[in-house]
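Take a look at the sequence and the 3D structure below.

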Amino acid sequence: MPKTSARLLSLLSLLQARRDWPGAMLAERLEVSPRTMRRDIDRLRELGYPILAIKGPDGGYRLGAGTELPPLLFDDEQAVALAVALQTAVISGAGIEEAAARALNTVRQVMPARLRHRIDTLQVTAVERPAARATPGVGIGVLMTLSAAVHAREVLRFDYSPGFPPRDGDDAPATPPPRRVQPHHLVTWGGRWYLVAWDLDRGDWRTFRADRITPRTPNGPRFARRQLPGKNVAAFVTSRFQGSSGDSGGWPCRGEVILDLPAAAVYPYTREGIIEELGPNRCRLILGAWSWAGLAATIGRFDADIEVIGPGELKAAFAQLARRYASAAGGLPAGERA
């Protein structure tokens with residue numbers, strides 16, 4: 001049987017791991033008798049931990065919450081997990097980089113020397129994948145407001161910036177009316193935060209970039225949650241960003257080409273494509289996009305010869321782009337320009 005002090009730490013760690021513990025299960029996990037386990041519960045209570053007894057056929061225990069709760073304890077795996085989570089928070093897009101660094105320093109100072117050494121040896125450098133444009137951060141206050149509305153199932157009102165300046169001649173109102181939605185999920189995708197919600201005015205599901213949302217108060221009435229299309233929120237978000245409104249999860253335009261490049265040179269720049277190595281300097285690429293012209297342009301950015309396998313729409317898009325590029329370079333008469 002482990003020593004009392006070690007057993008108390010194990011008991012406290014178990015109580016922190018889940019909300020409710022049947023007494024018999026706790027005793028079994030600690031490999032002690034129910035009587036010894038009850039004595040250990042009493043010892044933790046004497047140390048100030050608010051452990052509540054749960055009534056029921058088997059009885060049980062719960063670690064209560066409160067401002068007087070003593071410092072939490074972490075086992076080795078929890079300490080490592082916490083260090084990794086805080087060090088990689090810089091790519092969360094939630095604007096919590098500085099707070100995460102301070103939290104990691106605070107946790108490190110209260111750790112025993114053994115765990116502090118393990119954290120110090122785990123140095124993780126979080127590098128976000130390069131993007132064409134900088135990813136704007138989101139204030140933690142906005143994320144908390146959106147998350148609270150999702151949890152409470154309350155209608156959310158907010159101003160939404162389109163993310164681009166109006167074009168000359170646009171007759172859109174200078175200040176568009178606030179959006180009214182039933183918030184469903186707060187998700188991350190590609191380093192950005194999005195709100196998945198049912199748009200009450202448009203009668204359809206929408207995904208809103210959180211960095212463009214300015215919440216209005218107060219929230220609206222509570223609502224009954226709708227069934228999200230697709231198997232789950234991950235499938236829904238993936239299908240929306242791949243240009244599909246249903247459960248197929250595919251892009252509206254999908255083609256196959258062979259590039260005179262090694263697969264290793266193509267992979268870092270193709271997040272959602274299928275790449276197959278065909279030789280030292282040759283690979284097959286299957287990729288999707290919103291339009292055939294957009295797909296051809298995406299593939300054309302690779303500095304290599306391209307063989308189009310199909311479909312015919314992709315070949316036609318390459319021909320159309322070739323005429324446009326030649327025209328832009330001044331290589332085609334005006335009558336032959338696309």
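**Aromatic pairs**

This is a predicted model. Five aromatic pairs turn up in a search of the whole structure. The table gives two of them, Phe158 with Tyr160 and Trp198 with Trp205.

| Pair | Distance between ring centres | Angle between planes | Class |
|---|---|---|---|
| Phe158 and Tyr160 | 6.2 Å | 70 degrees | edge-to-face |
| Trp198 and Trp205 | 5.5 Å | 80 degrees | edge-to-face |

Why is the pair of Phe158 and Tyr160 edge-to-face? Their planes stand at 70 degrees, and planes over 60 degrees apart count as edge-to-face. The planes of Trp198 and Trp205 stand at 80 degrees, so this pair is edge-to-face as well.

Phe158 is buried, with a relative accessible area of 0%. Tyr160 is partly exposed, at 21% relative accessibility. Buried means under 20%, so Tyr160 at 21% does not count as buried. Trp198 and Trp205 are both buried.

**The cluster and Arg179**

Phe158 and Tyr160 belong to one aromatic cluster with Phe208. Where is Arg179 found? Arg179 lies in strand β5, which covers residues 179–189. Arg179 is buried, with a relative accessible area of 14%.

Which side chain does a polar contact join to that of Arg179? The partner is Asp199, at 2.9 Å.

Methods
Residues numbered from 1 in each chain as written. Heavy atoms only, no water. Phe/Tyr/Trp six-rings, centres within 6.5 Å; stacked < 30°, edge-to-face > 60°. Buried < 20%, exposed > 50% of the residue type's maximum accessible area, 1.4 Å probe, protein only. Helix = DSSP H or I, 4+ residues; strand = E, 2+ residues; numbered from the N terminus. Polar contact = N/O pair within 3.5 Å; in protein donor to acceptor, adjacent residues only side chain to side chain.
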